[in-house]
Amino acid sequence: MKKVNSENNVASAFDQQNGDLPPGLAQPAQRALAGAGIQRLEQLTKFTEEGIKQLHGIGPNALKQLHQALAGRGLSFSSKEKVKSKLKKVTAPLNNTKRVDEFMDKLDHPFKAEVQAIRDIIKNVNKDITEEIKWKAPSFSYNGEYLVTFNLWEKEQIHLVFHNPEISKVKSKLLEGDYDHRRMAHFSDKDDIKTKTPALEKVLKDLIKLQKK
């Protein structure tokens with residue numbers, strides 16, 4: 001019951017603060033837009049559709065709702081590629097290992113140990129990978145661009161979300177999904193993590209190489 005009340009409070013606060021954005025947006029989409037500093041439909045016209053799709057939490061249904069809301073106001077997403085840098089600037093993460101450590105100490109999750117193990121694997125791939133808490137989960141980035149974030153709402157397995165404009169170019173059996181800028185990876189237990197560690201490391205290294213280009 002507490003969870004339902006909490007979600008209702010979040011939705012209510014979103015509706016009050018975000019004016020003419022579609023009130024029926026799902027919780028992940030609400031958090032994604034709020035995290036990018038987007039509170040009104042007019043602000044969406046400064047971003048391309050591809051840029052908005054990069055935000056973790058914006059799926060096909062949310063995009064459809066945003067398109068309809070924009071059209072209802074005679075507005076549309078921008079067609080200018082230059083706004084991509086503006087979106088990156090808004091969402092560029094900072095390294096905050098201390099906060100992630102504190103988060104992990106308090107984390108109540110059936111796969112807490114496994115989450116920590118994967119966190120260590122990710123951080124050891126490259127010394128310049130930074131971490132922070134994004135949408136109530138550890139999130140990792142490289143050179144100001146998000147690489148991957150845990151989805152801790154899922155309790156049956158460990159769920160990673162790779163949300164990066166280059167991820168569709170990375171080929172790996174580890175990755176699932178066919179979104180333009182998003183892929184998923186799942187781990188069932190410690191043995192599965194051990195088996196998939198080389199693939200996870202390679203995905204991250206390939207993604208970092210693509211970003212450098």
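Visitor: With which residue does Asp192 form a salt bridge?
Guide: This is a predicted model, in which local features need pLDDT of at least 70 and side-chain atom pairs count only at pLDDT 80 or more, while totals for chains, interfaces and linings use all residues. Residues are numbered from 1 along each chain as its sequence is written, and side-chain values use heavy atoms, with hydrogens and water left out. A salt bridge is taken as a side-chain nitrogen of Lys or Arg within 4 Å of a carboxyl oxygen of Asp or Glu. With closest N and O atoms 3.1 Å apart, the partner of Asp192 is Lys196.

Visitor: Is Asp192 buried or exposed?
Guide: Buried means under 20% relative accessible area, exposed over 50%, and partly exposed in between (1.4 Å probe, protein chains only). Lys196, at 24% relative accessibility, counts as partly exposed. Asp192 has a relative accessible area of 16%, and therefore counts as buried.

Visitor: How many residues apart are Lys53 and Glu50 in helix H4?
Guide: Helices are DSSP runs (H or I, at least four residues), numbered from the N terminus. Lys53 and Glu50 form a salt bridge with the closest N and O atoms 3.5 Å apart. Both belong to helix H4 (residues 49–53), where about one helical turn separates them, the spacing in residues being 3.

Visitor: At roughly what angle do the axes of helix H7 and helix H8 cross?
Guide: Axes are lines fitted to C-alpha atoms, for helices over the stretch in contact, and angles run from 0 to 180 degrees between N-to-C directions. The axes of H7 (residues 97–106) and H8 (residues 112–125) come within 10 Å, and the crossing angle is roughly 160 degrees.

Visitor: Which orientation does H7 take relative to H8?
Guide: Angles under 35 degrees count as roughly parallel, over 145 as roughly antiparallel, 65 to 115 as roughly perpendicular and the rest as oblique. For a crossing of roughly 160 degrees, H7 is therefore placed relative to H8 as roughly antiparallel.

Visitor: Which residues are linked with Asp101 and Arg119 in a network of salt bridges?
Guide: By the salt-bridge rule the count comes to 9. In the network that holds Asp101 and Arg119, the other linked residues are Lys123 and Glu131.

Key: Helices (H or I, at least four residues) and strands (E, at least two) are DSSP runs, numbered from the N terminus.
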